[in-house]
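Me: I have a structure open and want to learn how to read it. Can you take me through the main features?

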Amino acid sequence: MLRLVVRRLLQLIPTLLGLSVLLFLWLNRLPGGPASAILGERATEAEVARINRALGLDQPVYVQYWRFLKRIFELDLGTSTQTGQPVWDEFATRFPATVELSIVAIVIAIVVGIPMGYLAAKRRGGWLDVGAVSGSLIGICIPVFFLALILKGIFAVQLQMFPSYGRLDTGMDATDVTGFAVLDGLLTGELDASLDAIHHLILPAIALSSIPLAVIVRMTRASVLEVLGEDYVRTAESKGLDKRVVRGRHVLRNALLPVVTAVGLLTGSLLSGAVLTESVFSFNGIGNFIRTSIDARDYPVLVGFILFIAMVYVLINLLVDLAYSLIDPRVRVH
């Protein structure tokens, strides 16, 4: 297992270096250069030249790239032009909110999607199968922001069952320990704050989980149908093994391999979906901050966000590989 982890980590180095090259080229190919992007379209040549000297953009390309790479390794992502605060500090403040929302969304997708896909495969052609397939198609086709607006309009505005914005009620006095509202309430014994945070999470998490849920249902259904037709499953059933043993040890365990891959990729994509979901519900996370950064052309924040997304995908891929090795030990030898 340790050799697998080390090997995967070493394989990530060229991936991150390649991403750093693409980011560096993107910054240097901006219309008018980064200086014009920072100063605006009406910046004079003298102002642009001054910013270029201050940022070191008048030096050779290889020197600029080395400085850019060095700053990344030092976790120096620059300063936000919106707030004047270091980008890393802004991310550290907002990161827990987005992670909390993404965790709840992927948990909903897994807890509902895998059993639904499995039951749909077991009852192929029945009403449950037809409903699961139709529902998954609808879930994939409906844009996340549109579903978020529907949920907000019905359950928050009309029925007033859930709050329509924020992470906590305005009058809620909650102690901030880790930045994770639900966890903080449990750690400090403020259960009312935890329940209120969960109440605020339900609608945005359901909206954000719609596409992952649909994909997991379809992936699980297809994978289970394929495994059910394998000879070893029929052999296990013909030997009279208990159905729970056959389902757990032979069907689900082998069917979960492609589903684990899908879950890993979908977890990373939740961060991009969070941009729209957080905007609809005014959720103070990274997604909402990125939306305002795009409007303000806050390039240091956007570069930091791209690096952040890349690191998330890298770590998720590592976790997927580890999950593979636990589900199927044969993977460890490759």
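Me: Where should I start?

Reply: With confidence, since this is a predicted model. Where pLDDT is low, the coordinates should not be read in detail. Here the protein averages a pLDDT of 78, and 82% of the residues score at least 70.

Me: Which elements have the lowest and the highest mean pLDDT?

Reply: Helix H2 (residues 33-39) has the lowest, at 63. Helix H7 (residues 144-158) has the highest, at 89.

Me: How do I read a nonpolar core?

Reply: In soluble globular proteins, nonpolar side chains tend to be buried together. In this model the largest nonpolar core has 23 residues. Phe-68, Phe-91, Ile-290, Val-301, Phe-305 and Leu-307 touch the most other members. Elements giving two or more residues to this core include helix H1 (2-28), helix H4 (61-73) and helix H5 (87-122). Helix H11 (243-280), helix H12 (286-296) and helix H13 (299-327) are also among them.

Me: Which element gives the largest share of this core?

Reply: H13, with 11 residues.

Me: What does Ile-290 contact, leaving aside neighbours within four places in sequence?

Reply: Phe-91, Val-275, Val-301, Leu-302 and Phe-305.

Definitions and conventions:
Residues are numbered from 1 along each chain as its sequence is written. This is a predicted model: local features need pLDDT of at least 70, side-chain atom pairs count only at pLDDT 80 or more; totals for chains, interfaces and linings use all residues. Side-chain values use heavy atoms; hydrogens and water are left out. pLDDT is the predictor's confidence in each residue, from 0 to 100. Helices (H or I, at least four residues) and strands (E, at least two) are DSSP runs, numbered from the N terminus. A nonpolar core is a set of buried Ala, Val, Leu, Ile, Met, Phe, Trp, Tyr and Cys residues joined through side-chain atoms within 4.5 Å. Buried means under 20% relative accessible area, exposed over 50%, partly exposed in between (1.4 Å probe, protein chains only). Contact means heavy atoms within 4.5 Å.
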